[in-house]
Amino acid sequence: MRTPFVVGNWKLHKHVADALALVTELKNQLAAVKGVAVGVAPPFTALYPVAKRLEDSPIAVASQDCYWEEKGAFTGEVAPGMLKDVGCTWAIIGHSERRQFFGETDDTVAKKARAALAAGLGAIVCVGETLAQRDAGTTTAVVETHLGALRGLGVEVADRLVIAYEPVWAIGTGRTATPGQAQEVHAFIRGWLGKELGPAMAAAVRIQYGGSVKPDNAAELMRQPDIDGALVGGASLQAADFVAICKAARPS
Ligand code: PGA
């Protein structure tokens, strides 16, 4: 019922020429792959050319962040409407690297997610615990706090709201959550959605797993009942690996 969604988060990688080379390969190699929705999140500088190159392709374009105001004296920021203007349909919000290095807070994540959705973009909202928090047994409490950004959202955004569960200790470390560990948190998130936003949201909102997803671990993760795709960092920079992960996410 939920179409799995796999998004490549390129982070701070790829100039325009390399970005175009990669999406051209993805477009060709994924053309015949059905049953999975796919997106790429290039750096801001490559969004427009990438979106142009993907105009006749179902591959969606996402930004890695967005601001909550549409215009004004906010040097360095990019508005949701500007992202739509260059062909983006999604924005990743609240990635743990933004929390860790750029002062993102629960409050800014909530503002950004609401602004993106209000502008008509889809929002991929990231949640997840650090290793210290997991070791302290506070994983679900931390995730629940992060999910607070979504309070009050209604079913009209169900198909444009995606939650990415990304345990911080699994990002870029080669250390993936086991399918069981991931499923446990995904089930908790789905339960929270049901309790706080209602059963229709719990049934429809997709929950991606992120953190060292690779071609050799994707299939088992994607088989878990509450995992609806992946947010892929390192392995999204090579067409072959990313295509293999997209194929692994197709329903069996
Ligand atoms: P990774 O990054 O796949 O390189 O661990 C995932 C992410 O940060 O979205």
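Hi everyone, and thanks for coming. One thing before we start: what you see above is a predicted model.

Let's begin with strand E3, which covers residues 60-63. Which way do its side chains point? Ala-60 and Ala-62 go one way, while Val-61 and Ser-63 go the other way. Are these residues buried or exposed? All of them are buried.

Now, who sits beside E3? One partner is strand E2, residues 37-41, and the two pair in the parallel sense over two bridges. If you want a place to look, find Val-40, which stands opposite Val-61 in E3. To get from E2 to E3, the chain passes through helix H2, residues 44-53, and this β-α-β crossover is right-handed.

Strand E4, residues 90-93, is also joined to E3 by two bridges, and these strands run parallel. With helix H3, residues 80-85, strands E3 and E4 form a right-handed β-α-β unit.

On to the pockets. How much volume does the largest pocket have? It comes to about 360 Å³. The lining is made of 14 residues, and those nearest the centre are Lys-11, Leu-12, Gln-64, Arg-98 and Phe-102. Helix H4, residues 96-102, gives the largest share of that lining, with four residues. By type, the lining of the largest pocket has seven nonpolar, three polar and four charged residues.

The second largest pocket holds about 230 Å³ of space. Its lining has 13 residues, and to find the centre you can look for Met-222, Ala-249, Arg-250, Pro-251 and Ser-252, which lie nearest to it. In this second lining, seven residues are nonpolar, two are polar and four are charged.

My last stop is Gly-120, in the loop between helix H5 (106-118) and strand E5 (122-127).

What does Gly-120 touch, once we leave aside its neighbours within four places in sequence? It is in contact with Lys-84 and Arg-160. Lys-84 is 36 residues away in sequence, yet the C-alpha atoms of Gly-120 and Lys-84 are 8.2 Å apart in space.

Conventions
Residues numbered from 1 in each chain as written. Predicted model: local features only at pLDDT ≥ 70, side-chain atom pairs only at ≥ 80, totals over all residues. Heavy atoms only, no water. Buried < 20%, exposed > 50% of the residue type's maximum accessible area, 1.4 Å probe, protein only. Pairing = 2+ DSSP bridges. Right-handed = clockwise from strand over helix to strand, strands pointing away. 1 Å grid on protein atoms, 1.4 Å probe; cavity = no way out; pocket = protein on both sides within 12 Å on 5 of 7 lines; lining within 4 Å. Points joined across faces, edges and corners; volume = space filled by probe spheres on them. Nonpolar A, V, L, I, M, F, W, Y, C, P; charged D, E, K, R; others polar. Contact = heavy atoms within 4.5 Å.
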